[in-house]
Each structure stands twice: as structure tokens, then as C-alpha cells.
Amino acid sequence: MIKDEEKQSGTLTRRTSMADYLSPQVRGIKPSGIRRFFDLASGRKDIITLGVGEPDFVTPWHVREACVYALEMGKTQYTSNAGTPELREEIGIYMDREFDVAYNPANEILVTVGGSEAIDLALRALISPGDEILVPEPCYISYSPITALSGGVPVGVETFAKDQFKLTAESLRAAITPRSKVLILCYPSNPTGGIMTYEDWLPIAKVVEENDLIVISDEIYAELTYGSKHVSFPSMPGMKDRTILVSGFSKSFAMTGWRIGYACGHSELISAMLKIHQYTVMCASNMSQVAALEALRNGMDEKNRMVESYNQRRRLVVQGFRDIGLQCHEPQGAFYAFPSIAGLGLTSEEFATGLLNDQKVAAVPGDVFGLGGEGHLRCSYATSVNQITEAIERIGIYVRKLKGN
């Protein structure tokens, strides 16, 4: 756009590079620290990758077969913007049965292109310029960039290993200002594997109520808990109408590439998200919705077998880190370990880079996950036992080198 003074003077200030055409919000966003390490390791068979949070299982055959049959039957059209009625109905049944939260499939459930789209829709529907969005950290790396793109201000709320990376009411209260509007939750946690119990949630719900906050609860790892059942935040007294629950099929049903997720919440909030969804992606893939429906109806046995396998690997990786002298909080959910590398004389970025170059093991430096992440390393144990065992042995060699042993 030509400014008034430029019109009057007859001059025009030219942009000197293509980057000058980009919005300030986009220019200010850093590339994903997770993908950077994944890209460095991609295609190299000599590298063990503990970086990307993706199941090593293939989507169960009967789920794939349902999709193939749908294609053979010509199910290649658009669906309803909100998702097929059958899938929304099944999601409602599932949420009620597994997590004690009842949603009306007609107007309180929206099927999205992965859980990531649901998070984006929720933030764009809620944020006015300058609103502060509270983000317990360390956390999934997308929350703050999406908040900034939507015109909001991300405010980190640090959690600590001594508290098992649980969010505390005291830390939350300390971060709240008159501009606070939304609290984003992610439990079970990526990257720490931390969980929240009913007793943990009670004081958080009280703070949410007292400060009139809306909550986005990312529960994509809800099915991946070990030793205790996941407690869904909207199941807490008075929290259902204040919460947009986000979940999906990527982690629990090994369906990352299908890009299928969902959001549940108050009808007015879901309606607002649906408007954005209509004008951006129209609807989730018809075939992916068919596969998701099959997973919910007939995929629980396979899901449970995958969870048990993760649990075995979880015990292996935690003990392995402790055996090589790294303190490691015991994750109770998801499929990540978050060992401490503090005291070894390197930042988490330096440690991860050195580990990749010296021992050919790719893991994610903890600092990319925000407050409290520095001094840690995120290691996914969604890989084979042999790979985990070899990776820990190599990490042990690198740690001993740093210690001069």
C-alpha cells in the first residue's frame, strides 16, 4: 500500500526482498526445533531417531481395510463440514464411556484435520488482539506460535520436575493478569509424560472459575496412561462448558498420517470454530473419517496392545537413563522420557547436536519446549526395544565422554 506522504512526494519505497512482503507475525516465528533434528537424521540409516512423536506401529489392518472398501464403494465426496454424523455419534459414545463427559454429536462435536487444526480453530475463535494465553511449559511447541499468529500473547507458566511437571494453582495464579483469557492444557504431557489426577485438577478448576478463563484441553495422549486412568479436564465439576477438548486418532490408534482429530465443547464455541473450518479446509477427509469410525468401533484391543508395549518400553528407557547416571522423571503418560542433562556443561541444544554428531542418536533439545525445558532432552520411546537399548548405550558413551570417564 502506498502511504500518503509517498503519494505527495511522488516516490515509492520499494521492498528490498521477498521477506519484506511477509507479515511480522510470520517473520517472528522460529522453525520447529523438533523437525530440524528430524530432518538432520532423515534418510540416514546409521542414526537412531528418538525425536519425532509418532507411533512405530502401522495402523491396524482392519482400519486400513475399512478405508479401502470405502474407496471401492466410491466414498470420495465431501462430508458435512462438521464431520459425518456416524463418526460424531461414535465420538460422543466414546467420550461418555471412557472419560465421563457427554457431548451432543449434533452441535458439540467437530471433526477436524488432526488435533492440530482443532487447536488452531479454538485459538482463532477465542483470541482478540492482545489477549493473553496461559501455556504451562515445557509443552508442545505449536501452542505459542499459533497464539501469536492469532494476535494473542502467549504467557508461559513453568512446571518443574520436582512436582512431576504438574501444573500447580500457585504457579497459575502468579501468571494471571487482567488480560488473561485462555488456559491451554496438555496432559498427558508432551514432552514430559506428566499427568494430572482428579485431586491435581481440583485447585486448577477453582482458579479457572475464579478468573473466568476458557480452557483448551489437548488430550491427544489421553489413552496412553500407565497405572492410572486419564482424568479429562471437562469432567471436573463446572468445567465442561468452559472447556474445548481437543483429541484425535494419531497417537492412540497409530493414525498420524490420516490427519483426523476432533474438538468437543459448548455449542456456541464449536459453532464459531465450525465457521472458520468451513472457510479453510471445508471438511476432514471422507476416507479418514471412515477409518476413524472403524478404529472407535473395533480397534480397542489393538489400542490396548500398543499401550502395553509402550509401557514396557517406558520402564526400559527410564531405568536405562538412570543406569547411565541421568536423572529421569518417571513419565506416567504419552510416550516420552525427559531426562535431565544438567551438570554436564552443555546446553540442551549443544548436547543434542553433539549426541547426533558423536553417537548418531537424534533426540530433541528440551529448550524448544519453553520454560523449564532447558537442561533436558526429549526422547520418544515409540520405537523398538532394540533401538531403545542401543540408543541408551550410545547416550551413555557420550555422557561418559563429557564427564571425562
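**Aromatic rings, cores and a buried strand**

In this predicted model, ring pairs tie F57, Y221, Y310, F335 and Y336 into one cluster. Rings of Phe, Tyr and Trp (its six-membered ring) pair if their centres lie within 6.5 Å; planes under 30 degrees apart count as stacked, over 60 as edge-to-face and the rest as tilted. The count by this rule is 14 aromatic pairs. Y94 and F99 are edge-to-face because their ring centres sit 5.9 Å apart, with the planes at 90 degrees. Y94 is buried, at 2% relative accessibility, and F99 counts as buried at 7%; here buried means under 20% relative accessible area, exposed over 50% and partly exposed in between (1.4 Å probe, protein chains only). Another edge-to-face pair is F338 with F369, at 6.3 Å centre to centre and 75 degrees between the planes. This one links distant parts of the chain, 31 residues apart: F338 is in the loop between strand 9 and helix 13, and F369 in the loop between strand 11 (364-365) and strand 12. Both F338 and F369 are buried.

Residues are numbered from 1 along each chain as its sequence is written. Local features need pLDDT of at least 70 and side-chain atom pairs pLDDT 80 or more, while totals for chains, interfaces and linings use all residues, and side-chain values use heavy atoms, with hydrogens and water left out.

What about the cores? A nonpolar core is a set of buried Ala, Val, Leu, Ile, Met, Phe, Trp, Tyr and Cys residues joined through side-chain atoms within 4.5 Å. The largest has 37 residues, and those touching the most other members are Y310, V317, F321, L326, F335, F351 and I395. Helix 12 (300-323) and helix 14 (385-403) are among the elements that each supply at least two of its residues. Apart from this core lies another, of 27 residues, including V101, Y103, W258 and I260.

Strand 3 (residues 132-137) is largely enclosed by the rest of the structure, because six of its six residues are buried. Helices (H or I, at least four residues) and strands (E, at least two) are DSSP runs, numbered from the N terminus. E132, L134 and P136 cover one side of strand 3, with I133, V135 and E137 on the other. Strand 3 runs parallel to strand 4 (residues 153-158), joined by six bridges, and parallel to strand 5 (residues 180-186), joined by three; two strands pair if DSSP finds at least two bridges between them. E132 stands opposite V153 in strand 4 and opposite S180 in strand 5.
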